[in-house]
Amino acid sequence: MKMGLRTRLFFSHLVVMIVGVASLVSISKISSPRLFVLHLEGLENQGFDLIDVRAELVTGFELAWQRSTLWSVLVGTTAAGGLSYWVSRRITQRLTEMEQITQKFALGQMDARLPVSDIPELSGLSASFNRMAASLEGVEARRREVIGDMTHELRTPLTVVRGYLEELADGEIEASPEIYRRLARETKRLERLVNDLQELSKAEAGYLPINIQRINLRPLLESLMEKFTDQLLEDGPVLILKCPSVIPPVLADIDRTEQVLVNLLGNAVYYTNEGSITIDVGTEASQLWIAVIDTGIGIAPENLSHVFERFWRADQSRDRHSGGTGIGLTISHRLIELQGGKIQVESELGVGSTFRFFLPLA
Ligand code: ADP
């Protein structure tokens, strides 16, 4: 049979008490009468005549001793038993209360928190449970938000595809290569959305493996320059790399940094019709920064705070058709954060935008 904590505490107190009382009683039982007799002998030696009353005194003493021992054992055990009951109840009550609250939390009441206890160990347990609860609550809230946003995003292309398919089935429109191309475009968009979402969910949950190493970013910047220059149109913007030939190494994940740069450069190319796109590099305090500066359409001041939010696009209707998912910058933001850096944006409508991210120097 398993014994509850309260019974265990109570029994352990009881055992301690019994040992205490038993040793007190047995020691005094042995020593008190002897001491009393010795005392009497002392008195007799001093000249007191106790011959007649000696036996009487000894029995009287023993009676008195027995009575008071009985009373003290009774009162002592009751008081100690009561105290032990109270203490063990107080501790187990707290624990039962904590158990009930954690059960409520497990059943989905995400705002359930443990109260602070005056027992430091229990208080410590409450505090760590509460920390865990808060972080789980955050994850849960984000999960709900993502699902909400996601269904909203998926609905549009699905509605378009269904619309076309129904019209085709009913013979309302003629099947033409253009129609099929539109259908393919929408499904491609769905595919990209799903891929981006997978990446985003990994990044937000912190499951993306980040392999931080001491790296020199210059070769990466050069190869990206080449790749993006090939993509630019003849009459489009020019790509400029403003980077010293030797830059200090950083502590970062080269693949994730490339992913961020590809996103920033991709956006810059997409939103810039003429002028230039510059990759600028510099150091500040113990960090290296890389900025992608474009002379494109820019972002309105009231929108600047939203650019890193998931699914946010400046022009919802236009970009929904252009294929932007509004997730790229959210992922970039998270990737930079996971590498211990930060990312900022400055922009002026019609003038251009600067996206700058910082990485810790090695
Ligand atoms: P996507 O480009 O896939 O829509 P992003 O998260 O990369 O998603 O960007 C979010 C939005 O931020 C874009 O839709 C666009 O409105 C705005 N944006 C991003 N980069 C730039 C830029 N260089 N110039 C102007 N607007 C930009």
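Salt bridges

Guide: About one helical turn separates R181 from E178, because the two are three residues apart in helix α4 (residues 177–205); helices are DSSP runs of H or I with at least four residues, numbered from the N terminus. This is a predicted model, in which local features need pLDDT of at least 70 and side-chain atom pairs count only at pLDDT 80 or more, while totals for chains, interfaces and linings use all residues. Residues are numbered from 1 along each chain as its sequence is written, and side-chain values use heavy atoms, leaving out hydrogens and water.

R181 and E178 form a salt bridge at 3.8 Å, N to O; the term requires a side-chain nitrogen of Lys or Arg within 4 Å of a carboxyl oxygen of Asp or Glu. R181 is exposed at 52% relative accessible area, and E178 is partly exposed at 34%. Exposed means over 50%, buried under 20% and partly exposed in between, with a 1.4 Å probe and protein chains only.

In helix α3 (residues 120–169), E166 and R162 lie four residues apart, about one turn. Their side chains meet in a salt bridge of 3.5 Å, N to O, and E166 is partly exposed at 42%.

D118 pairs with R94, with 3.4 Å between the closest N and O atoms. D118 is exposed at 53%; R94 is partly exposed at 27%.

The whole structure has 17 salt bridges.

Notes
Axes are lines fitted to C-alpha atoms, for helices over the stretch in contact, and angles run from 0 to 180 degrees between N-to-C directions.
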